[in-house]
Amino acid sequence: MTRKLLPLLLAAAVLLTGCAITLHDPPQGREITLYLPNEDGTGFDEVPTVIPPDGLLSQGVLDALREAGALPKGVKVVRLEQTGQALTLDVTGDLAKALAGTGSTEEYMILGSLVNSLLGAYGATTLSLTAGGAPLETGHDSYDGPLTFFESGELV
């Protein structure tokens with residue numbers, strides 16, 4: 001009986017050891033696609049990126065966009081809600097301030113990067129954007145309705 005039990009105990013010990021290693025592996029983060037302005041400002045380059053597993057996904061996306069130079073400094077997520085395929089995002093007023101000093105193409109590229117990256121990360125189709133709790137208004141436009149995916153062809 002002991003001869004039959006010993007191989008089973010050894011096999012169980014090996015399996016449990018493997019499980020313990022798996023449990024202690026660090027989380028890998030979430031792979032998303034960032035939509036970054038291309039060099040000539042006519043469209044977006046799709047750049048696969050891993051968002052660290054700590055913190056909020058929405059802030060991780062904004063941080064990655066800022067690090068890539070596609071989003072102004074200081075923009076932070078105040079609140080993000082998802083209802084089905086619709087996102088509602090409130091960011092700090094720093095976004096409105098930064099966009100007030102840009103041209104229309106730069107504004108389009110910044111907002112396109114933000115909207116497209118978040119829509120992709122959350123599998124959503126619309127994003128309603130506010131800055132400091134109010135609809136986003138810039139010198140070029142008022143963004144008071146849901147935004148959809150920004151297409152590169154719209155710039156031409």
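Reader: Which residue in β5 stands opposite Thr88?

Author: This is a predicted model in which local features need pLDDT of at least 70 and side-chain atom pairs count only at pLDDT 80 or more, while totals for chains, interfaces and linings use all residues. Residues are numbered from 1 along each chain as its sequence is written, and side-chain values use heavy atoms, leaving out hydrogens and water. Strands (E, at least two residues) and helices (H or I, at least four) are DSSP runs numbered from the N terminus. β4 and β5 run parallel, joined by six bridges, and the residue in β5 opposite Thr88 is Ser128.

Reader: Which strands stand at the edges of the sheet?

Author: The open sheet has five strands in the order β3-β4-β5-β6-β7, with mixed pairing; two strands pair if DSSP finds at least two bridges between them. One side of each edge strand lacks a neighbour in the sheet because each has a single partner strand; these strands are β3 and β7.

Reader: What angle does the direction of α4 make with that of β5?

Author: α4 packs on the sheet, touching β3, β4, β5, β6 and β7, where contact means heavy atoms within 4.5 Å. Axes are lines fitted to C-alpha atoms, for helices over the stretch in contact, with angles from 0 to 180 degrees between N-to-C directions. The angle is about 125 degrees.
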